[in-house]
Amino acid sequence: MADPVSLDALISIDHLLSEEEKLVQATVRRFVKERYLPRAAELFAKEQFASDLIPELAELGLLGASLTGYGCAGMSPVSYGLALEELEYGDSGLRSFASVQGSLAMYPIWKYGSEAQKQRFLPGMAKGELIGCFGLTEPDAGSDPGAMKTRAKKDGKDWVLNGAKMWITSSPVSHLAVVWAKTGDGDARSIRGFIVERGMKGFETPTMHGKMSLRASPTGEIVLSDVRVPEQNMLPEIEGLRGPLSCLTQARFGISFGALGAARACFDSVLAYAKDRVIFGKPIAAKQLVQQKLVMMAMELAKGKIMALHFGRLKEQRDLLPAQVSLCKKNNVGVALEIARTARSLLAGNGILLEYPVIRHMLNLESVFTYEGTDEVHTLILGQTLTGESAF
Amino acid sequence: MKILVALKRVADPDNANKVKIPGSGDRVDTTGLEWKPNPFDEYALEAALRLTENGQQPKTRAGEVVVVTFGPKETETTLRAALATGADKAIRVDATDDQLDGDLVARALKTLVEREKPDLVVMGKQAVDGDSNQVGQILAELLDWPQATFAATIEEEAAGSVLVGREVDGGVAKLRVKLPAVVTVDLRIVAGASVYSTKTARTFKYNEGVRFAALPAIMAAKKKPLTEVKLAELAADTKLKVTYAKFQAPPARKAGIKVKDVAELVDKLQKEAKVL
């Protein structure tokens, strides 16, 4: 038997990373291994969020890590992506928390907020003392956010918000929500962002129970009943759908790295299992049918990583086009889900046990496949980009 | 307090089975191995950082930690990681493992200690590759400093000494060593209540283990000083005292046997293993 070569060694991705990036990767990897993985299965099983880890995530600089100033770490896109990949090696729920805090709650304030808003909220959010969420999706407006029903009406110096948001990561534990609402009668160009704070009358965030995916991350609704939001809590620098969509572009970039972490966890688990599990007198790793599946996983992981790195390097130079991020998110989450499902089947009966990380990642990735632009929406974005024809 | 910490990069002990010895038996083949800091040296760094801060305010340094390693250019990664974790400056002594033995490292460290003038030298009790367990002891002898090895606890004392706890058969031996001194550390030094500077309240408990480098600190580490020194500058005589005659892999373990019941097990333990 020849000595096996690890996938990392095979694709030699290290040669494409700086010393600093490797150190970020190693640090977050160790953090996840020591602080999260021992509890990952239990948190998932009990539908619990590891809120006690928030101060440690903040201390590491993982909240708003890609932003600059206001106590944020100012990581490069690739370092940020690598960090999220390691978090998602732990659990997609853990990574989702970081993505939402940084890209969906902090980013709009950092990008479109007034200086007073930035000073007031960002340092506390970077420290994890203030948890944020992002209210865009509604029960009847998911892929078509322009059809949102939530309205903001000016009343004196306040805005009065009414509506309901759904599928909101972290809303049950949040101290503030960046809520997107129409200020006109129906035109998406009238969409504005509002910082709604815990304690404002009429602002409720009921938890959604019964999820079989992302169980370690709290998901809820945002219910707005005549919530009076002072004028100074409106994001002054953005109008229209471009506001929320630009936040999603930031988050989706991180997800295209993150999903690879979940896929790699499945690959590592199934590779070790295949070497140990003996059937018909041989380890299943010595079976052609199994090798074919392992090789498929390895190839997709390698291609996904190289693509994520490519777009990460590009993002160091200039903003990515939304379609570029769609390409990377759609591909990497799609292959991650496929890898997780294949790993699940290779583990056979063991594949349905939480004792192995595979079923947990597989179930989590069903959400990642659907949220932040469904797989289908990314197809339509790319289809439109390539043909010039809208097929929405 | 100023502390010098000696760090060694070793082949990842989790992949010890990948270590290969060529047919010639004249060396260990290190190609393809992954490298990590020696775990005991990481504990030494953690201990040194705790001794140079108030545990409640770890971001404010209250002393200086200088890390030093002996190795080729790639080992600067190990030093950068130490700087990101909190060390203040780093020195790389340019050398490869085959140019070094415990005696030469200790002699070169002696010169570095004379240059840097630390109050304390802290290092792992041994490196997990060669497991020689010599450098700290030889260095203390060369410097004519007191030493405390296999430390499980260190308390800084106001009178210019440290109180070191060593786990021995039947209890803990406490040694009071006057500074300057050499201390080598064991695994337990990273427990929550193992190391106290005079600034840290005795009621304070650290997180167990080696601290994590924060991401901003990783970026800031690029700006911390890292200097290179030639081995010959530190030791006039670079001849090795330890020469290796031959390398040989341990014999492969034979597969065990399965017994069908307890009676058979007891029988074999009595008659074959003769341990009962």
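Two strands count as paired if DSSP finds at least two bridges between them. The exercises below apply to a predicted model.

**Exercise 1.** How many bridges join β8(B) to strand β9 of chain B, and which residue in β9(B) is the bridge partner of B:V168?

Solution. Step one: take strand β9 of chain B, residues 171–178, and count its bridges to β8(B); there are eight. Step two: the two strands run antiparallel. Step three: B:V168 has B:G171 as its bridge partner in β9(B). Step four: two residues lie between the strands of this hairpin, and B:G170 has a positive phi near 85°.

**Exercise 2.** Describe how strand β7 of chain B is joined to strand β8 of chain B.

Solution. Step one: β7 covers residues 147–157 and β8 covers residues 161–168, both in chain B, with six bridges between them. Step two: their directions are antiparallel, and B:R166 in β8(B) is the residue opposite B:A151. Step three: the hairpin has three residues between its strands, and in the turn B:G160 shows a positive phi of about 75°.

**Exercise 3.** Classify the packing of helices α9 and α10 of chain A.

Solution. Step one: the axes of α9 (residues 322–346) and α10 (residues 358–370) in chain A come within 9 Å and cross at roughly 150°. Step two: angles over 145 degrees count as roughly antiparallel, so α9(A) is roughly antiparallel to α10(A). Step three: the crossing of these helices, α9(A) and α10(A), is left-handed. Step four: the residues that meet include A:L337 and A:R341 in α9(A) and A:M362 and A:E366 in α10(A). Step five: sorted by class, the contact of α9(A) with α10(A) has 11 nonpolar, one polar and four charged residues.

Conventions
Residues are numbered from 1 along each chain as its sequence is written. Chains are lettered from A and ligands numbered from 1 in the order in which they are written. This is a predicted model: local features need pLDDT of at least 70, side-chain atom pairs count only at pLDDT 80 or more; totals for chains, interfaces and linings use all residues. Side-chain values use heavy atoms; hydrogens and water are left out. Helices (H or I, at least four residues) and strands (E, at least two) are DSSP runs, numbered from the N terminus. Axes are lines fitted to C-alpha atoms, for helices over the stretch in contact, and angles run from 0 to 180 degrees between N-to-C directions. Angles under 35 degrees count as roughly parallel, over 145 as roughly antiparallel, 65 to 115 as roughly perpendicular and the rest as oblique. A crossing is left-handed if the near helix is turned anticlockwise from the far one by less than a right angle, and right-handed if clockwise. Contact means heavy atoms within 4.5 Å. Ala, Val, Leu, Ile, Met, Phe, Trp, Tyr, Cys and Pro count as nonpolar, Asp, Glu, Lys and Arg as charged, and the others, Gly among them, as polar.
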